[in-house]
Amino acid sequence: MNSTYPTTWKRPPQLVQSRVWRIVLTVGAIAYLLVAIGSVEVNWARVVVGMERAQRFIAGFLQPDFTTRWRDISNGLVESLTMTLTSTVVGVLISIPIGVGAARNLAPSWLYVICRSIIAVSRAVQEIIIAIFFVALFGFGAFAGFLTLSFATIGFIGKLLAEEIEDIDPAQAEAIRATGASWFQLINYAVQPQVMPRLIGLSLYRLDINFRESAVIGIVGAGGIGGTLNTALSRYEYDSAGAILMIIIAIVMVAEYSSSHLRKLVK
Amino acid sequence: MLNLSALTKIYKTGDKALTDVSFDVPKGQVVGLIGPSGAGKSTLIRCINRLVEPSSGQVLLNGTNLVALRSGDLRRARRKIGMIFQEYALVERLTVMENVLSGRLGYVSFWRSFTRRYPGADIANAFRLLDRVGLSAHADKRADALSGGQRQRVGIARALAQDPELLLIDEPTASLDPKTSRQIMRLIVEICRERGLPAIINIHDVVLAQQFTDRIIGLQAGRVVFDGPPAALTEDALTRIYGAEDWTAMRQGARDDAQAEEEDRAQAKKMLGAL
């Protein structure tokens, strides 16, 4: 009982065991960072010109002009909102079966591979690129935007829904299986109740992502408020552009707050 | 009547969970399956309704070999086997009534179950069962609003809604306090007596098993090492199942629990009398 215990203790290194390598890696990372920063060329003359334009832009933003281009703005808005809602609904409806198929604990492996590939493709390609593609296929306008957002929604909801399904409490599913339930009854009784609140939350979240994206993809010709914004900017009408930006910000904030509130409600 | 012969389960990892397990359970007999953790108790009862696929051997329930059944027939066989789980395994976000009615899933079409339009007889039976387990006032509550003991009663009602010919019960008291445990065990055994149901109760509480079951089967490392009436479960037999341990102390603790319960009941009666 007389043995003495050490009074100091150090946390053992978790990642790199060797002390030498730790120093080499740290010094190397810092050196690379310095070199990388040094290699960024800054053209100060152009920054000055840009600042001037920024001033005009901010001035326009401070005196937003809602009236002159109101018809364009309201058309763009309606188009964007329509696009957002329809694409979210269609996207979620398509992504439910794909998400179920992409859940390892429910789907046979061939189906799993197919559904995971669809999700991977949808997630790998950024919205703007898909929008450019669809605009090239179907011409300018909201239809291309609708397709783009639906496609992006499938990857987003499909992946997160599949992960949620893989995390369900297996005991509840086992109990339903033990009653002699069929596969569809198992989904309806054991899986759906467990993932529904999350699915509703994700859909609401995707709804406000889709609205923001609809403003972005409008710039490449897929219709909506983004198109209107792009036109205003290229006409140097910064006051109208300011008005459009403010409306977008307001709508995004309303969507964000109401969706997070709704998500808290569904538990 | 249930008949297991040479039931063996080897997991993909090569672990032998069950080796040559054979026994018969006649109609109306309540069997307590005891053994240390990892002895294969859970695997054994799951091999009977094939939530776990046995590697070899036979499971005969009233003459049908369950091991040979294909998926459709297996579902029809499963609906005749009620199962009660450790931690209840209720679907938490569904109502108590939906949980009880889910015992009928094997009997109704997908559309009926999806729209929750069960046949009138099923609904009446579900209410009757809820009344039997003392929960008729809670039918519309969500399952996660109930206490542990109440949830396990819903689990029992769900299993009985299947109109089973056999009950498989996996650690029914594992997450309940001693008093509630005894109440649940008593309820299960009473119901088995009422209906002449055979049951296999997988339980780690030796004293509860001895008190409430007709027969005890001891499993050790996947083999049956004891099979006999509760009275024959001597210290020797316990040591064979679990290894050396101080069994008298355990029995004393359990007697104290039982006594405390008796006193509680006497107290309650006295208070009722006083009213």
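**Exercise 1.** In which loop of chain B does Ala221(B) lie? Describe the setting of this residue.

*Solution.* The structure is a predicted model, in which local features need pLDDT of at least 70, side-chain atom pairs count only at pLDDT 80 or more, and totals for chains, interfaces and linings use all residues. Residues are numbered from 1 along each chain as its sequence is written, while chains are lettered from A and ligands numbered from 1 in the order in which they are written.

Step 1. Ala221(B) lies in the loop between strand E9 (215–220) and strand E10 (223–228) of chain B. Helices (H or I, at least four residues) and strands (E, at least two) are DSSP runs, numbered from the N terminus.

Step 2. The phi angle of Ala221(B) is near 45°, a positive value in a residue other than glycine.

Step 3. Ala221(B) counts as partly exposed because it has 14 C-beta neighbours inside 10 Å. A residue is buried if 20 or more other C-beta atoms lie within 10 Å of its own, exposed if 12 or fewer, and partly exposed in between, with C-beta atoms placed from the backbone.

**Exercise 2.** Carry out the corresponding analysis for Arg50(B).

*Solution.* Step 1. Arg50(B) is found in the loop between helix H1 (41–48) and strand E4 (56–61) of chain B.

Step 2. Its phi is near 60°, a positive value in a residue other than glycine.

Step 3. Arg50(B) has 18 C-beta neighbours inside 10 Å and therefore counts as partly exposed.

**Exercise 3.** Determine how helices H8 and H10 of chain A are arranged.

*Solution.* Step 1. Helix H8 (residues 183–217) and helix H10 (residues 238–265) of chain A pack at an angle of about 175°, with their axes 9 Å apart. Axes are lines fitted to C-alpha atoms, for helices over the stretch in contact, and angles run from 0 to 180 degrees between N-to-C directions.

Step 2. H8(A) and H10(A) are therefore roughly antiparallel to each other; angles under 35 degrees count as roughly parallel, over 145 as roughly antiparallel, 65 to 115 as roughly perpendicular and the rest as oblique.

Step 3. The residues that meet include Leu204(A) and Phe211(A) in H8(A), and Ile251(A) and Leu262(A) in H10(A).

**Exercise 4.** Summarise the overall composition of chain B.

*Solution.* Step 1. Chain B has 10 helices and 10 strands.

Step 2. Buried residues make up 41% of its 275 residues.

Step 3. The C-alpha atoms of chain B fill a box of roughly 60 × 50 × 30 Å, taken along the principal axes.

How values were computed:
Contact = placed C-beta atoms within 7 Å.
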